[in-house]
Amino acid sequence: MITIRTETTADIAPRERLLDRAFGKTRRRKTSERLREGRLPAEGLAFTALDSKGRLIGTLRLWNVLAGSAGPALLLGPLAVDCKHQRKGVGAALMGHALEEARWRGHAAVILVGDAPYYARFGFAAGVVADLHLPGPVERARFLGLELMPGALDGAEGLVAGCGRREGAAQKAA
């Protein structure tokens, strides 16, 4: 049995270790990282999956971005599941939970860079982001989008840019 919950500060170190194992030490060089750099995940949209012993076995975060002419959207990623728990539905459970929470919070669209066959089952497709561009190199077939509200990405074009809360901003305001 797994439990999915909102990420806590206690999850930071195990999450970072999981991401290093899943994506390697070069993970911070990816184009999607440029959109996340120096920012906090979207409010209430960072999740962890825990096993029956309370160990972190999965993570998924959503980030505020501006999707060119479409305006506000979310960037999904990274999604990672511990190798011992892959192919057991942990990633799918995280995806379902995160997308439902994003809908509930009123977000209109989600974009990501990832494996098209995996994400297609959740409704992601390349066509809705065909005229959007990321701030760095990316394999176009891996750049995908999902409309949480019908038409949210209709005619979307232009550069995707990071936005949202900056790291450290909450501490400075206090």
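## Close-up views of a predicted model

**View A. Arginine 87 sits in a loop between strand S4 and helix H3.** The place of arginine 87 is in the loop between S4 and helix H3 (90-104). Helices (H or I, at least four residues) and strands (E, at least two) are DSSP runs, numbered from the N terminus. Phi of arginine 87 is near 65°, a positive value in a residue other than glycine. Is arginine 87 buried or exposed? Arginine 87 is exposed, with a relative accessible area of 87%. Here buried means under 20% relative accessible area, exposed over 50%, and partly exposed in between (1.4 Å probe, protein chains only).

A word on the model behind these views: it is predicted, so local features need pLDDT of at least 70 and side-chain atom pairs count only at pLDDT 80 or more, while totals for chains, interfaces and linings use all residues. Residues are numbered from 1 along each chain as its sequence is written, and side-chain values use heavy atoms, leaving out hydrogens and water.

**View B. A cis peptide bond joins glycine 77 and proline 78.** Omega for this bond is about -10°. Proline 78 belongs to strand S4, which covers residues 72-81.

**View C. Methionine 95 belongs to the largest nonpolar core.** A nonpolar core is a set of buried Ala, Val, Leu, Ile, Met, Phe, Trp, Tyr and Cys residues joined through side-chain atoms within 4.5 Å. Of the 25 residues in the largest one, Leu62, Leu76, Met95, Tyr119 and Phe124 touch the most other members. Which element gives the most to this core? It is H3, with 6 residues. Not counting residues up to four places away in sequence, methionine 95 touches Leu60, Leu76, Leu79, Tyr118, Tyr119, Phe122 and Phe124 (contact means heavy atoms within 4.5 Å). Apart from this core lies another, of 15 residues, among them Leu35, Val65, Ala109 and Phe143. In soluble globular proteins, nonpolar side chains tend to be buried together.

**View D. Tyrosine 119 and phenylalanine 124 form an aromatic pair.** Rings of Phe, Tyr and Trp (its six-membered ring) pair if their centres lie within 6.5 Å; planes under 30 degrees apart count as stacked, over 60 as edge-to-face and the rest as tilted. By this rule there are 3 aromatic pairs. The pair shown is edge-to-face, at 6.0 Å centre to centre with 75° between the planes. Tyrosine 119 counts as buried because its relative accessibility is 9%, and phenylalanine 124 does so at 4%. One aromatic cluster is formed by Tyr118, Tyr119, Phe122 and Phe124.

**View E. Glutamate 7 and arginine 15 meet in a salt bridge.** A salt bridge is a side-chain nitrogen of Lys or Arg within 4 Å of a carboxyl oxygen of Asp or Glu, and the structure holds 10 of them. In this one the N to O distance is 2.9 Å. Glutamate 7 is buried at 16% relative accessible area, and arginine 15 is buried at 4%.

**View F. Arginine 39 is buried yet has no salt bridge.** Arginine 39 is found in the loop between helix H2 (31-36) and strand S2 (46-50). How far away is the nearest side chain of opposite charge? Glutamate 37 is 8.7 Å away; for charge, Lys and Arg count as positive and Asp and Glu as negative, with His and the chain ends not counted. The side chain of arginine 39 does reach the backbone oxygen of glycine 162, at 3.5 Å.

How values were computed. A polar contact is a pair of N or O atoms within 3.5 Å; within protein, one must be able to donate a hydrogen and the other to accept it, and residues adjacent in sequence count only if both atoms are side-chain atoms.
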